[in-house]
Structures are given as structure tokens and as C-alpha cells.
Amino acid sequence: AKRLGRNTYQFFTPDLNEKVRHHLALRNELQRAIEEGQFELHYQPQVHGPSARIIGFEALLRWKHPERGYVSPADFIGVAENTGQIVPISDWVLATACRDSLRLNELGLGQYVMSVNVSPLQFQRNCFLPDLLEVLTNTGLDPSLLELELTENILMGNTETVIETLREIRSHGIGIAIDDFGTGFSSLSYLKYLPITKIKIDRSFIQEVISDHRDAAITHGITSIANQLQLQVVAEGVETQAQYAYLQKHLCESFQGYLFARPMPLKELADFLGEHHQA
Ligand code: C2E
Ligand code: CA
Ligand code: CA
Ligand code: CA
């Protein structure tokens with residue numbers, strides 16, 4: 001509430017009103033999008049520098065709005081998380097990513113790890129793991145070709161439950177990547193006891209890694225820890241040749257970013273893989 005004067009409170013400022021209206025409109029539009037299947041997945045390659053090999057893809061959600069065109073996930077994931085609509089959306093993402101991954105394999109384009117983003121609400125549900133295993137069984141995708149991207153915030157919940165769930169995920173061979181590493185409110189201690197397989201260095205550290213010695217120090221620290229703990233490490237958001245060269249010199253081997261490829265629809269990805277055929 002905003003204080004206007006003595007004993008006078010205005011609970012709905014025009015601004016807040018606007019926000020509520022926007023939220024409600026978005027919720028209705030999302031409902032339609034779910035019912036009418038307006039979502040797509042675009043895939044962005046992850047590249048191993050020294051061998052110049054594509055090691056996998058990250059599945060990124062796109063909403064193809066009938067009037068507004070592509071809407072960025074950043075503009076609707078938050079609302080979908082609040083309304084619970086993220087649950088049916090996530091179910092669709094997982095099934096689609098697994099199916100598309102198999103499709104590439106069937107086309108003879110190779111076997112790659114498919115990374116899927118997991119939302120906090122999705123992860124907290126009791127049926128998360130059973131549902132996940134069901135998707136793998138139904139599609140027939142090898143679990144070791146699936147990787148879940150979790151943010152540090154997800155891992156901050158009830159420690160016992162989180163560890164238990166992660167262990168079970170790992171017991172099936174599914175990979176676990178920490179997304180946006182270094183940006184969450186958590187300590188490094190979980191690197192010691194959580195069974196993770198990959199660290200993704202957030203783009204915010206990569207952007208100025210060449211010009212800002214603090215970003216360089218942090219990036220160097222992360223890659224060094226990851227290497228010593230024998231975790232894979234991927235630098236996110238690599239856009240320039242200079243960043244790439246610098247990172248390679250500083251122990252980082254795997255990359256994702258516009259320099260290598262933008263996220264693209266399956267058809268385009270198939271063409272891309274055809275051109276970069278790695279027998
Ligand atoms: P994220 O998981 O950190 O995904 C990486 C984001 O960086 C993507 O944005 C990607 O398009 C963008 N990116 C990749 N390379 C570069 C680069 O070189 N430069 C720049 N400037 N950006 C780059 P996008 O696709 O807009 O997704 C935004 C966020 O939305 C994701 O961040 C993720 O948190 C969330 N998201 C996307 N898809 C899903 C999904 O299926 N489920 C859930 N729960 N969240 C998703
Ligand atoms: Ca991600
Ligand atoms: Ca990320
Ligand atoms: Ca991010």
C-alpha cells in the first residue's frame with residue numbers, strides 16, 4: 001500500500017491495477033495457448049571447443065502468439081509458475097524434447113544430450129520423478145541422453161528431500177546441470193553433497209569476462225572448481241570470438257551462445273546437424 005497522507009492508504013495505485021489486469025489477461029491467454037498448442041521448442045547447441053563437436057542441445061520454450069508473434073519465456077514463465085500453468089506446459093516440454101531428440105537420432109544425425117529446464121513448482125511436485133520416468137519409457141529415450149537444468153534456488157529447498165530426489169534422478173543415469181551458476185542465493189557447499197554433473201556459468205559473468213577482472217576471476221574460479229570436482233562446465237552466452245578464445249585459455253571447454261548457434265526449430269537444427277555432420 002502506498003501512503004498518500006495521514007490515515008489515507010491507496011491499495012490499488014493505477015500502476016498496480018495495470019499489473020493485475022496484465023496478469024489476468026496473460027493467464028487467460030496462456031490457458032488458450034495450452035489448449036490450442038501454441039508452444040514450440042527451439043534448440044540451442046552446446047559445443048565442445050577442443051574437438052569442435054556438438055555435445056547436446058538446450059530446449060528453449062517459445063510461445064507463438066497468434067497476434068503478437070513469438071513471446072519470450074522471460075515474459076510468461078513467471079506468471080505460468082504463479083498460476084500453476086507451468087505444470088501442463090512443462091509436461092509438454094519434456095515429452096516434446098524427448099521425442100525430438102529421438103527423431104534426430106532416427107534421421108541418422110547422431111546422439112546428443114538433450115537438456116531441459118525445470119521450474120521450481122515442477123520439481124517440488126511428488127509426481128515429478130514418476131512422470132519423468134514415464135515420459136522416458138513412453139518415448140524410449142535413453143535416460144543418459146537427458147539432462148535436467150536446475151537453478152540454485154530450486155536446490156535451496158528442504159535439503160533432505162532435494163538430495164533424495166537428485167540421487168534418484170542420477171540413479172537412472174539422467175544428468176543434472178546447475179543453471180545460471182553463481183547468480184542464486186546459495187552457498188558453494190551444495191557442490192560437496194549434491195550429485196550434480198554439470199555447471200553452467202551464467203551469461204552475466206561471460207559478457208564482460210575480457211574487460212572486467214572481477215568477472216574473469218569469478219569465471220576462472222568456477223571453471224577451476226568444476227574441473228577439480230570433475231564436473232562438466234559450460235559457459236553460457238558466448239557471443240564473440242574473443243570471449244571464446246579467452247575462455248578456452250582459462251580451462252573452460254564447453255560453450256553455448258550465439259557465436260556457435262542460436263536456438264532454432266527442429267527442422268533447422270536437423271539441417272544444421274546435417275552440415276556439421278560428425279561421423
Ligand atoms: P536460460 O535457461 O538461462 O536459457 C538461456 C537463455 O539465453 C535463452 O533465452 C537463450 O536464448 C539465451 N542465449 C543463448 N545464447 C545467448 C547469447 O549468446 N547471447 C544472449 N544474449 N542470449 C543467449 P530464452 O530462450 O529467452 O529463455 C529465457 C529463460 O526462460 C531461460 O533462461 C529459462 O530460465 C527460461 N526457460 C526457457 N525455456 C524454458 C522451459 O521449457 N521451462 C522453464 N521452466 N523455463 C524455461
Ligand atoms: Ca537453462
Ligand atoms: Ca542459464
Ligand atoms: Ca539465465
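Colleague: Starting with Asp179, is it buried or exposed?

Modeller: Asp179 is buried, at a relative accessible area of 7%. Here buried stands for under 20% relative accessible area, exposed for over 50%, and partly exposed for anything in between, with a 1.4 Å probe and protein chains only.

Colleague: What kind of model is this, and how is it numbered?

Modeller: This is a predicted model, in which local features need pLDDT of at least 70 and side-chain atom pairs count only at pLDDT 80 or more, while totals for chains, interfaces and linings use all residues, and side-chain values rest on heavy atoms, with hydrogens and water left out. Residues are numbered from 1 along each chain as its sequence is written, and chains are lettered from A and ligands numbered from 1 in the order in which they are written.

Colleague: Back to Asp179, which ions does it bridge?

Modeller: Asp179 bridges the calcium ion (ligand 3) and the calcium ion (ligand 2), which lie 3.8 Å apart.

Colleague: Which residues are the protein donors of ligand 2?

Modeller: The calcium ion (ligand 2) has Glu58 (OE), Asn117 (OD1), Glu149 (OE) and Asp179 (OD) as its protein donors, at 2.1 to 2.3 Å. Donors are N, O and S atoms within 2.8 Å of the metal, or 3.2 Å for Na, K and Ca, and sites may look incomplete because water is not among the atoms. In sequence, the spacing of these donor residues reads E-x58-N-x31-E-x29-D. Asn117 belongs to strand β6 (residues 113–117) and Glu149 to strand β7 (residues 146–151), so this pair ties together parts that are 32 residues apart in sequence. Helices (H or I, at least four residues) and strands (E, at least two) are DSSP runs, numbered from the N terminus.

Colleague: New topic: how many helices and strands does the chain have?

Modeller: The protein chain has 12 helices and 11 strands. Its radius of gyration is 20 Å, close to the 19 Å of the globule rule for 279 residues, so the chain is as compact as a globular protein of that length; the radius is taken over C-alpha atoms, and the rule is 2.2 Å times the number of residues to the power 0.38. Of the 279 residues, 44% count as buried.

Colleague: What share of the contacts comes from residues 24 or more positions apart?

Modeller: Such residues account for 64% of the contacts with a separation of 6 or more, where contact means heavy atoms within 4.5 Å.
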